[in-house]
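Morning. I have one structure to go through, and I will keep to geometry and contacts. Please have the sequence and the model open.

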Amino acid sequence: MSGTSEGPTPAADLIRSAVTESDISAAAGAEPPMRDSPGAEPFAHGALGTGPLAFGTVATGPPVHDAPAAATGSPAPVPAVEPPAPQSPAGPPRPPGRPCAEPFPYRRAFTAAPLAMALIDSEGLVVSANDALAALLGAEPEALADRAAADLMDLASDARVWHAYREVLRGVQRSLRCTRRLKRPDGRSLWAQVTVEPLAQGAPGLLLSVTDISARRELQARLRHLEMHDPVTRLPNRTLFFERLTAALHAESYEPGGTGRIGLCYLDLDGFKAVNDTLGHRVGDLLLASVAERLTRCAEEAGDGRAGTPLVARLGGDEFALLVEDSTGTDQLAELAESVLTVLQEPFDLSGRRLSVSASIGVVERRAAGTTATALMQAADTTLYWAKADGKARWTLFDPERNAHRMTRQALASTLRPAIERGEFALEYQPLVGMADGRVHGVEALVRWEHPQFGVLAPNRFITLAEEDGSIVPLGRWVLRTACRQARRWQLDHPGEPPIFVSVNVAVRQVWDSDLVADVAATLAETELAPHLLQLELTESAVMGSAGRPLQALKALSDMGVRIAIDDFGTGYSNLAYLSRLPVSVLKLDGSFVRGFQYETHGNRERREPLGHDETPGGGEPLGNGENGRMYGDGGAGERDAAADEVIVEAMVQLAHRLGLTVTAECVETSAQATRLRRIGCDTGQGWLYSRPVPPDRISELLGSPGAGVQAGVGNP
């Protein structure tokens with residue numbers, strides 16, 4: 001029998017180390033071996049006397065006498081008597097001073113030992129093999145003589161093992177221990193632990209011992225399978241998935257003819273928690289197992305005609321992954337994700353129940369080089385979140401630009417609170433101008449983040465983040481205090497002019513998470529600003545649903561004399577019944593209505609007023625690229641929409657006036673818009689026609705100008 005191997009031995013199969021450094025040197029002056037018979041040098045004297053098969057030795061030599069006794073009257077010791085040398089059945093009496101060879105008993109012990117062993121010479125040829133080794137290899141002991149041990153144990157098929165074996169034969173290394181897979185003549189294979197080591201100090205030859213570890217390997221394989229597979233779905237689990245993923249990303253695993261790319265579909269079942277909560281975990285487990293079967297079938301179909309079948313794994317809970325090695329591009333992953341959604345749309349029949357589920361899938365496909373398992377999973381997890389946020393029951397492809405925006409958003413969120421403590425925020429002010437007299441009646445305070453890395457950021461970049469993590473409370477408190485202090489300073493610097501009010505935006509979370517009434521009272525007392533010169537703006541959606549604590553706070557602020565304004569009126573609930581019950585003083589019409597006034601009808605022709613500025617203007621905040629503005633495809637539609645907007649605005653102004661409220665129009669961009677708003681009866685206007693948001697010193701210049709009036713574009717840089 002000759003051993004064979006299914007490829008190089010993995011490093012894990014080398015028990016401890018393939019090469020053990022020698023720590024025992026040959027004994028100096030070792031006697032030459034005694035020959036029992038031709039070709040039996042390893043069985044000569046000393047070969048088995050002190051090695052692994054040694055049973056003991058008998059020391060012989062001259063008699064030993066005690067030293068003469070001291071003159072104390074004690075009797076002298078009796079001299080030692082040398083016993084007669086025993087007669088060996090194999091030959092004449094051994095000479096004095098020679099260890100007992102006893103070769104035949106040792107040979108019988110070697111032959112009958114249950115451990116498979118063989119004696120090999122320095123060239124690696126088998127000198128003698130015992131019955132256990134012959135039975136293990138399926139051959140007769142005599143047939144193994146003069147065979148190369150490396151061939152029997154398949155040592156030459158693995159370069160590391162072969163090198164270590166040659167080093168042991170030359171006496172450079174102490175011993176070798178490795179694991180090999182051997183095949184018997186009858187076709188059966190077995191796993192064996194092979195050990196090669198010298199017989200004894202100075203003795204020629206080496207001892208080869210072989211242990212059948214097939215049962216242990218089988219047990220280890222079963223245990224590893226249980227460790228690496230999910231018990232519910234029988235799919236590879238998270239550990240095995242990451243093991244395969246890491247191996248696939250390793251440069252040495254790239255196939256010569258492969259694409260060098262990798263793809264991943266990361267999916268999560270929509271609403272699975274409700275199944276567990278309502279029907280129990282047993283039904284939930286059945287559903288997971290059924291989903292796993294469909295995913296496996298889908299992967300097998302996707303692998304037909306391709307280099308490999310995608311790996312399906314359950315990562316935990318209701319999360320699954322399909323790993324595609326050597327992917328051909330995003331089209332392949334998109335096709336796979338679409339097929340997964342299709343197979344999951346079919347209802348599941350579980351224990352007499354018919355269930356329908358859907359899944360959200362994040363798809364990532366990229367080059368394997370330069371990618372790590374962590375980076376790939378982060379991208380897949382982010383994309384899965386996008387799929388759920390976009391409405392679920394869909395797949396979404398990873399978008400680097402969208403991810404960069406997410407990363408920037410995360411960076412801003414993590415530095416928001418420290419930025420408040422470091423004082424990285426500043427206020428700009430946009431005038432609120434009387435439509436009738438053109439005078440500055442007030443200003444709206446608009447916060448800016450002077451970020452050290454991203455520059456000056458408008459509120460739409462960070463206000464939502466501040467509301468999510470609660471930092472809007474300290475930020476809003478700072479804005480309130482700073483704006484009131486500035487309004488008081490303007491009042492003191494321009495005593496001859498009517499004082500202007502300052503309008504501050506308030507988030508609904510400030511009402512819930514802080515004592516807004518106490519904060520306002522303390523700020524007014526600290527800055528000595530009159531309550532009627534402070535206006536608080538809340539969005540329509542926040543005010544219209546107010547009840548309980550928010551409503552009490554608004555009433556307390558109104559009783560204090562603070563003005564309450566509803567921002568962006570006309571775009572939220574628009575529940576007019578609330579206007580009669582809420583302590584509101586001002587309605588700020590949303591700019592979408594006012595922008596319709598950009599069209600003015602002259603006979604049967606429609607003309608759009610020029611904006612007069614390089615950038616698209618806005619009301620309280622610049623619109624940036626003007627994406628939210630309404631664009632009209634034909635003159636008739638623009639004329640009808642402009643007329644409808646004017647009717648709606650006129651109705652809201654009249655309603656507000658009947659309720660005792662004043663009206664502010666946002667996004668006033670042209671003089672024609674201002675003229676029509678003035679004709680309708682709007683009280684104040686705000687927009688780039690009058691001024692962009694500017695630093696406080698520019699407001700001081702406006703207040704110091706003759707008449708304190710604002711002409712079109714005067715406040716703009």
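**Cysteines, sheets and aromatic pairs**

I start with cysteine 265, which is buried at a relative accessible area of 1%; buried here means under 20% relative accessible area, exposed over 50%, and partly exposed in between, with a 1.4 Å probe and protein chains only. This is a predicted model, where local features need pLDDT of at least 70, side-chain atom pairs count only at pLDDT 80 or more, and totals for chains, interfaces and linings use all residues. Residues are numbered from 1 along each chain as its sequence is written, and side-chain values use heavy atoms, with hydrogens and water left out.

How many disulfides are there? Taking a disulfide as a pair of cysteine sulfur atoms within 2.5 Å, the count is zero. Cysteine 265 is in no disulfide, and the nearest cysteine sulfur, on cysteine 298, is 8.8 Å away. Cysteine 667 is also buried, at 6% relative accessibility.

Next, a sheet. Helices (H or I, at least four residues) and strands (E, at least two) are DSSP runs, numbered from the N terminus. Two strands pair if DSSP finds at least two bridges between them. There is an open sheet of five strands with mixed pairing, in the order 7-8-6-11-12. Which strands stand at the edges? They are strand 7 (311-316) and strand 12 (395-397); each has a single partner strand, so one side of each is left without a neighbour in the sheet. From one strand to the next the twist averages 20 degrees. Axes are lines fitted to C-alpha atoms, for helices over the stretch in contact, and angles run from 0 to 180 degrees between N-to-C directions.

Strand 11, residues 358-367, pairs with strand 12 in the parallel sense over three bridges. Within that pairing, glycine 362 is opposite threonine 396 of strand 12.

Helix 11 (residues 373-389) lies across strand 6, strand 7, strand 11 and strand 12, and runs at about 140 degrees to strand 11.

Now strand 19, residues 586-589. In a regular strand, side chains alternate between the two faces of the sheet. Both faces of strand 19 are covered, with Val586 and Lys588 buried on one side and Leu587 and Leu589 buried on the other. Strand 19 pairs in the parallel sense with strand 18 (residues 563-569) over three bridges, and alanine 565 has valine 586 as its bridge partner. Strand 19 also runs parallel to strand 22 (residues 662-665), joined by four bridges. There, leucine 589 is partnered with alanine 665.

On to helix 22, residues 696-704, where Ile699, Leu702 and Leu703 are buried. Seen down the axis, these buried residues fall within an arc of 95 degrees, so they line one face of the helix; the arc is that of the directions from the helix axis to the C-beta atoms. The face turned away from the buried side carries the exposed residues Glu701 and Gly704. What covers the buried residues of helix 22 includes strand 13 (425-434), strand 14 (440-451) and helix 14 (472-493).

Glutamine 486 lies in helix 14 and counts as buried at 11% relative accessibility. Leaving out residues up to four places away in sequence, glutamine 486 touches Tyr429 and Pro696. Glutamine 486 and alanine 445 are 41 residues apart in sequence and 10.0 Å apart in space, C-alpha to C-alpha.

Last, aromatics. Rings of Phe, Tyr and Trp (its six-membered ring) pair if their centres lie within 6.5 Å; planes under 30 degrees apart count as stacked, over 60 as edge-to-face and the rest as tilted. A search of the whole structure finds seven such pairs. The rings of tryptophan 162 and tyrosine 165 have centres 6.0 Å apart and planes at 40 degrees, so this pair is tilted. Both residues lie in helix 5 (residues 159-169), three residues apart, about one turn of the helix. Tryptophan 162 is partly exposed at 32%, whereas tyrosine 165 is buried at 2%.

Phenylalanine 241 and phenylalanine 242 form an edge-to-face pair, 5.5 Å centre to centre with 85 degrees between the planes. Phenylalanine 241 is buried at 0%, and phenylalanine 242 is partly exposed at 23%. Finally, Phe425, Trp449 and Phe462 form one aromatic cluster.

Notes
Contact means heavy atoms within 4.5 Å.
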